[in-house]
Amino acid sequence: MAAMDLFGRRWALRILWELREGPLGARALLARCEGLSSSVLYQRLRELTSSGIIVGAADGYGLTPLGAALGEALRPLDDWATTWAQEQEQEPDGRGPAEA
C-alpha cells in the first residue's frame, strides 16, 4: 500500500510520466506540468528520490531502473486513457459534444 500512497499523491505519476523519455531539470518539469507549484514539485522529487524511483543527476532528474519499469507498467493505462478520451468525445449519434 505504500506505493499506492506515494503514487496517489498529486503530481507524482505526472512527474514520472514526464521523465519516461529521459532526465529533465526542475524548470523543464514545471513547464511540462502546468499548474504544478515549485514547492510541490520539490516535495514530490524528494519523495520519489527517497523511494528509489528517480535519481538526481547533473542533467536533472531521471528514472532509476525501478522507475523505468514502473513507466513501462503505466503504458497500458495510457493506452486505455487515450481510448476512453476518444470515446468521450463521441455522442451515440457520432457527433461530438460541441455539435450536439
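Modeller: Take Glu 47, which is in contact with Leu 6 and Arg 9 once its neighbours within four places in sequence are left aside; contact means heavy atoms within 4.5 Å. This is a predicted model, in which local features need pLDDT of at least 70 and side-chain atom pairs count only at pLDDT 80 or more, while totals for chains, interfaces and linings use all residues. Residues are numbered from 1 along each chain as its sequence is written, and side-chain values use heavy atoms, with hydrogens and water left out.

Glu 47 lies in helix α4; helices are DSSP runs (H or I, at least four residues) numbered from the N terminus. Glu 47 counts as buried at 15% relative accessibility, where buried means under 20% relative accessible area, exposed over 50%, and partly exposed in between (1.4 Å probe, protein chains only). Arg 9, with a relative accessible area of 36%, is partly exposed.

Arg 9 and Glu 47 form a salt bridge, with their closest N and O atoms 3.5 Å apart. The pair ties together parts that are 38 residues apart in sequence, because Arg 9 lies in the loop between α1 and α2 and Glu 47 in helix α4. A salt bridge here is a side-chain nitrogen of Lys or Arg within 4 Å of a carboxyl oxygen of Asp or Glu. Side chains of opposite charge can pair when their charged atoms come close. Arg 44 also belongs to this group: Arg 9, Arg 44 and Glu 47 are linked in a network of salt bridges.

By this rule the model has six salt bridges. Another one joins Glu 18 to Arg 14, with the closest N and O atoms 2.8 Å apart. Both of these residues lie in helix α2, four residues apart, or about one turn of the helix. Glu 18 is buried, at a relative accessible area of 12%, whereas Arg 14 is partly exposed at 34%.

Ile 15, Leu 48 and Ile 53 touch the most other members of the largest nonpolar core, which has 19 residues. Such a core is a set of buried Ala, Val, Leu, Ile, Met, Phe, Trp, Tyr and Cys residues joined through side-chain atoms within 4.5 Å. Among the elements that give two or more residues to this core are α1 (2-7), α2 (12-18) and α4 (38-50).
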